[in-house]
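Please open the model in a viewer and keep a selection tool at hand.

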Amino acid sequence: MARTLKNPKKAKRKNKGLKKGDGASTSSSVPTIQPRVWQPGVDELEEGEELQCDPSAYNSLHAFHIGWPCLSFDIVRDSLGSDRKDFPHAVYFVAGTQAEKASWNSIGVFKVSNISGKRRELVPTKSADDDADMDGENSDSDDSEDEEEGGSGAPVLQLRKVAHHGCVNRIRAMTQNPHICASWADSGHVQVWDFSSHLNALAESETEGVQGASSVFNQAPLVNFRGHKDEGYAIDWSPVVAGRLVTGDCKNCIHLWEPTSGSTWNVDATPFVGHSASVEDLQWSPSEPNAFVSCSVDGTIAIWDIRLGKSPAASFKAHDADVNVISWNRQASCMLASGSDDGTFSIHDFRLLKDGNTVVAHFKYHKYPVTSIEWNPHEASTLAVSSSDNQLTIWDLSLEKDEEEEAEFKAQTKEQANAPEDLPPQLLFVHQGQKDLKELHWHAQIPGMIVSTAADGFNILMPSNIQSTLPSNGP
């Protein structure tokens, strides 16, 4: 699995284009070229054609960067509310950089506020203006009577940097105490940090613009564990037991961290061993305090019970190639999603483990390695996937093809873009425009919001066609 960013350079804002069309204004004497969905690796741009973003596909779409590209980030749970639907939004993050020199790296603790957008009706009551402008980078650049606008202007980024020697392979914030974060370094160290002072400063500050970007804070971690034999990427906090952590490395070892206080941990020096190659990802059970799963370059997924020794309770072949990422469904705890280096991803049902085949769905849509996968925390049948083919896709496993319903919807919306016939009916949305996508996360407190990181920076997106799947009351 290629996890490093290709030729990391400081990010620059670029115009994004996602939809295929000629991009020029047309007159009545010139036939209009009907737009169609662009498929990377399948379609080729012909002379005179260009890719354009369709802003009407989003309730909100914004791009930003914090300097060097970030291989990993996490959304920090906040106290602003658990089911936020009204624009503008504010989001807190932690992210680790991947700079050209080890000494240039840092962990960014930052807040993005004034995230504006519009809530669109899926089936408009009135037809939209056929001459609507399609050139804006953000989804809030066009107006319609069927849209409810929230916020105005550009998002505001406030950033504080904490020095970190070496690239940050992965970073995760604890759910129960979100100011506590754990990071994997390419030097082979796992560190635990207390970012409460930075988060409090961001919460209290109303000053617009980037704050602290020019200065870097030197802060000692709470813990600096050097017991792994190699660097790693796998790391996860338990959602059930506050402070319980597992970390896995490229030498197939997994270490368990048990909290002894709010700022100290006891790390078991004897690792869990059950894979024959690098441990790529780890996930704690959303409901069981002692169970976690791991995936590996050896193509297997292992299930562990920390009460039963250092060997897996069960293990099964999951893919024909490296298993890069996994996600345990928090709404349906029997379901696990896995993404592979061959571009495929699978859905596993643990109830079928005794039958020898856990796979209940298998998708071959992506052409390059799957780099991130995560279930929607508000909808049990929906998940998002990112890939090295520069696509972020959203899937609803409850959908089936219904030609009559499609025809009726197309007539009501006067839809002009034709989707390829071979797209799976479960494919709900395709987001493009980022290069070398690495990681995505749903926002647990803002239904429908996804954030992704890539070589050219971050995107915040809220697709307009998934609002109907959201529950009336979030968790």
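Select Glu439 and Arg170: their side chains meet in a salt bridge, with N to O at 3.9 Å. Glu439 belongs to strand β33 (residues 439-442) and Arg170 to strand β11, so this pair ties together parts that lie 269 residues apart in sequence. Both Glu439 and Arg170 are buried. The model in view is a predicted one.

Is Asp281 buried or exposed? Its relative accessible area is 7%, and because buried means under 20%, Asp281 counts as buried. Arg170, at 6% relative accessibility, is buried as well.

Next, move to Lys310 and Asp268, whose side chains meet in a salt bridge with an N to O distance of 2.4 Å. Both ends of this pair are in loops: Lys310 between β23 (300-305) and β24 (314-317), Asp268 between β19 (265-267) and β20 (272-273), so parts 42 residues apart in sequence are tied together. Lys310 is partly exposed, at 27% relative accessible area, and Asp268 is partly exposed too, at 26%. Across the whole structure, a search finds 10 salt bridges.

The next stop is the second largest pocket, which holds about 890 Å³ of space. Colour the contributing strands: β5, β11, β16 (234-237), β21, β25 (323-328), β29 (370-375) and β33 each supply at least two lining residues. Strand β29 gives the most, with five residues.

The largest nonpolar core has 20 residues, of which Ile66, Phe93, Phe110 and Phe458 touch the most other members. At least two residues of this core come from each of β5 (70-76), β6 (89-97), β7 (106-115), β10 (156-163) and β35 (457-463). Select Phe93 and display its surroundings. Leaving aside residues up to four places away in sequence, Phe93 touches Phe64, Phe73, Asp74, Ile75, Val76, Gly108, Val109, Phe110, Val112, Val451 and Ile460. A second, separate core consists of 16 residues, including Cys334, Phe363, Ile373 and Trp395.

Finally, clear the selection and view the whole protein. Its secondary structure comes to two helices and 35 strands. Of its 475 residues, 53% are buried. Among contacts between residues at least 6 apart in sequence, 64% join residues at least 24 apart. With the surface displayed, the accessible area comes to about 20,700 Å², and carbon and sulfur atoms account for 46% of it.

Key:
Residues numbered from 1 in each chain as written. Predicted model: local features only at pLDDT ≥ 70, side-chain atom pairs only at ≥ 80, totals over all residues. Heavy atoms only, no water. Core = buried A, V, L, I, M, F, W, Y, C linked by side-chain atoms within 4.5 Å. Buried < 20%, exposed > 50% of the residue type's maximum accessible area, 1.4 Å probe, protein only. Helix = DSSP H or I, 4+ residues; strand = E, 2+ residues; numbered from the N terminus. Contact = heavy atoms within 4.5 Å. Salt bridge = Lys/Arg side-chain N within 4 Å of Asp/Glu carboxyl O. Areas by Shrake-Rupley, 256 points an atom, 1.4 Å probe, with all protein chains shown as cover. 1 Å grid on protein atoms, 1.4 Å probe; cavity = no way out; pocket = protein on both sides within 12 Å on 5 of 7 lines; lining within 4 Å. Points joined across faces, edges and corners; volume = space filled by probe spheres on them.
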